[in-house]
Amino acid sequence: MIVAAGKATPGPCRGGRISIDEERLAQLRRHDAPADGIFEEFMECRLGAGASLALLAAPLEAPRDEAWIVCPSIGPEHGNLRRLEAMAARRLAAEGHPTLRIRPDVHPHDGLAREIDLAERLREIEDAVRLVTGELGAQTVGLVGSFFGGTAAALACDRLGLSALVLIEPVPRGKRFLKEIMRRHAVAELVRTAEIDGLGGSGAPTAGTAAPRKELETQGSTMLQGLWLSQAEADEISAVDLSTDLRSFRGRSLLVGVAPNGQLSPTLRALGDQLEALGGDVTTTVIEDPLFAPFGEYYYMNAGPVRVDTRLELDRHVAEVTATWVAGHRHAEPLAATT
Amino acid sequence: MRQFPIWVPADGGEVAAVLTVPDGEPRGIVLTLAGTGRHVAIGSTMSALVSQRAAEHGLASVRFDYTGVGDSPGIVESWALSDVGSASRQALDVLTTASEVLGVSQYAVVGTCYGSRVALSLVGHPACLGAVCIAPPVLEHGKVVNIGRSAGHGSRFSFVRGNPVIRKAVYDPLRSLLKESKLAPGVRCAFGALDHAKLVFLYSDDHERDQLTGRARAALEKAVASLPEDQRRRFALHVVSAGALTTFEVLPPDEQAMILDLFLPLVDGWFEPSRAEAVLQSA
């Protein structure tokens, strides 16, 4: 469902007593970055049932026929991946490709969605594909996603018959994703409790330290770092396994791994083999990075009175690798039906 | 309510912002300022929640990603926590734009953690009616704290800190001795704005994580006690029973709602009633 929202009408709105300069607001939807040769614009329509924002980065000059969509990850890690997604979108736009990023936000009526919801993320991707092929006139569409956003992107590529896919440190199995976000939640809670102990606090366990899996079983839902996960959703995600769910994707794909030892992980290797077996054109690459924090985790490091961004170089590198690969593989393929 | 995602020219760059407008005439603007944490929405979860609730109070609100964070372009390699210069300029530019498009000048500020430092830098403006600072650090970091924060795992300092015996014998007394007990300049400066603006400091009972230590509280109370009566009445310190407010994003929704329920009515009261409310009141 694509929803038109906040549509601006020319001139100051003088209906009733409200006087909002909607003409200026319409202008502010977009900013140009001439040094990068791109502009960014919040599209008027919104995506999915949650009315996520659609944020376009596109070249100032004539765009290429192939558009890209950056698919957000579905769990709490998304907050730590937004900057990477933005950098990747800008680099792709600088290469001439209109690139839309999906931004879950506050629904005008229902408020801020606080649930982990794979089906909703997939609906947003479908809406985004309609938007770039319809309103923006793209001939072909590729999807980019990191962590479980990569998994969602792969599922959508397969279902919608899209032409290209970039997966950044993807988690191909839903069970592993759940295990990982629960582990990270438990570690965060443990650190919190340990800090309280270490600093002379009571150290009493808080409600959040209860094992999420047990909460799921007994209460039907649990909260993981600020987001609700229901048992039904956990079942849905657990059922995802790209090794069996990818059946028809034959497009080109880039698999980007990130590892302190620079080695390709067995998981990524197996995924690459599978995509090749389906008939796809697969490129795999591994970026060596010390990973101060696991990929998708909070990446600032305290250094005295300064908080240092430990992920900046990696994010730049991933964006560069993505854009370079896309630039080296430009070819137009007809777009499959997306309904 | 209506939402307008926009790009605002700010401090020489552009920042991604969302302006939220109530259905009726906005009585004022609430600017929300995030910490340096993980933010799933533009601004932060706190900012997004405030935007919904502020609209129910007839208030517009604006939230944004700082330069180099989330969707806002730019490169920020590190954040000096006591230097809010750029963030403050960005915030003022965002406020100015919101004020111009809405034709409303009066505003209040709500900030968490680092954002509360930025909020304190904005209360001196005559159009600012007040600030809610969620878990603001009130003391300057002392030397030991700075060394501690910069010591990596495996360092000698981290060994000393991690060993319970040595910690108790050496680290804790040293830390206590060398700890700062002066109010941070930003807090002192903001106290000067109490001649016209309200200040609400909000902490949880997780005092260590929210940095409301005994020393911090004592310094705060001493400073407040030295204020003239009328200014003292414009300051309020609230401590709520909840998880650390520095981790607002991951608090259970009922605790988040309780915190919003506490400060939003206060903020509401800082603004003039709408014309409709004023007519009702006079009747």
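# Close-up views of a predicted two-chain model

**Figure 1. Surroundings of I287(A).** Leaving aside residues up to four places away in sequence, I287(A) touches V256(A), V258(A), L314(A), H317(A), V318(A) and V321(A); two residues are in contact if their C-beta atoms, placed from the backbone, lie within 7 Å. The model is predicted: local features need pLDDT of at least 70, side-chain atom pairs count only at pLDDT 80 or more, and totals for chains, interfaces and linings use all residues. Residues are numbered from 1 along each chain as its sequence is written, while chains are lettered from A and ligands numbered from 1 in the order in which they are written. I287(A) belongs to strand β14 (residues 281-288) of chain A. Helices (H or I, at least four residues) and strands (E, at least two) are DSSP runs, numbered from the N terminus. With 18 other C-beta atoms within 10 Å, I287(A) is partly exposed. A residue is buried if 20 or more other C-beta atoms lie within 10 Å of its own, exposed if 12 or fewer, and partly exposed in between, with C-beta atoms placed from the backbone. I287(A) and V256(A) are 31 residues apart along the chain, and their C-alpha atoms are separated by 7.3 Å.

**Figure 2. Packing of helices α3(A) and α4(A).** Two packed helices are described by the angle between their axes and the distance between the axes. Helix α3 (residues 118-134) of chain A packs against helix α4 (residues 148-160) of chain A at an angle of about 55°, and their axes are 10 Å apart. That angle makes α3(A) oblique to α4(A); angles under 35 degrees count as roughly parallel, over 145 as roughly antiparallel, 65 to 115 as roughly perpendicular and the rest as oblique. Axes are lines fitted to C-alpha atoms, for helices over the stretch in contact, and angles run from 0 to 180 degrees between N-to-C directions. From α3(A), the contact is made by L118(A), R121(A), L122(A), I125(A), E126(A) and V129(A), and from α4(A) by A152(A), L155(A), A156(A) and L160(A). By class, the residues of this contact are eight nonpolar, no polar and two charged. Ala, Val, Leu, Ile, Met, Phe, Trp, Tyr, Cys and Pro count as nonpolar, Asp, Glu, Lys and Arg as charged, and the others, Gly among them, as polar.

**Figure 3. Strand β4(A) and its partners.** Seven of the eight residues of strand β4 (residues 52-59) of chain A are buried, so β4(A) is largely enclosed by the rest of the structure. Strand β3 (residues 38-47) of chain A pairs with β4(A) in the antiparallel sense over seven bridges; two strands pair if DSSP finds at least two bridges between them. Within this pairing, E41(A) stands opposite L56(A) in β4(A). The hairpin of β3(A) and β4(A) has four residues between the strands, and G48(A) there takes a positive phi near 75°. Strand β6 (residues 99-103) of chain A is joined to β4(A) by five bridges, and the two run antiparallel. Here A54(A) stands opposite I102(A) in β6(A).

**Figure 4. The open sheet of chain B.** Eight strands form this sheet in the order β1-β2-β4-β3-β6-β7-β8-β9, with mixed pairing. At the edges stand β1 (2-10) and β9 (235-240) of chain B, each with a single partner strand, so one side of each is left without a neighbour in the sheet. From one strand to the next, the twist averages 20°. β1(B) runs antiparallel to strand β2 (residues 13-21) of chain B, the two being joined by nine bridges. I6(B) has A17(B) as its bridge partner in β2(B). Strand β7 (residues 128-134) of chain B is mostly covered, with seven of its seven residues buried. β6(B) and β7(B) pair in the parallel sense over six bridges, and the bridge partner of Y107(B) in β7(B) is C128(B).

**Figure 5. Contact between chains A and B.** Chain A contributes 52 residues to the contact and chain B 53 residues. Helix α2 (residues 78-94) of chain A supplies seven residues, the largest share of the side of chain A that touches chain B. That side has 24 nonpolar, 14 polar and 14 charged residues. Strand β16 (residues 306-309) of chain A and strand β5 (residues 78-80) of chain B pair in the antiparallel sense over three bridges. The bridge partner of V308(A) in β5(B) is S78(B).
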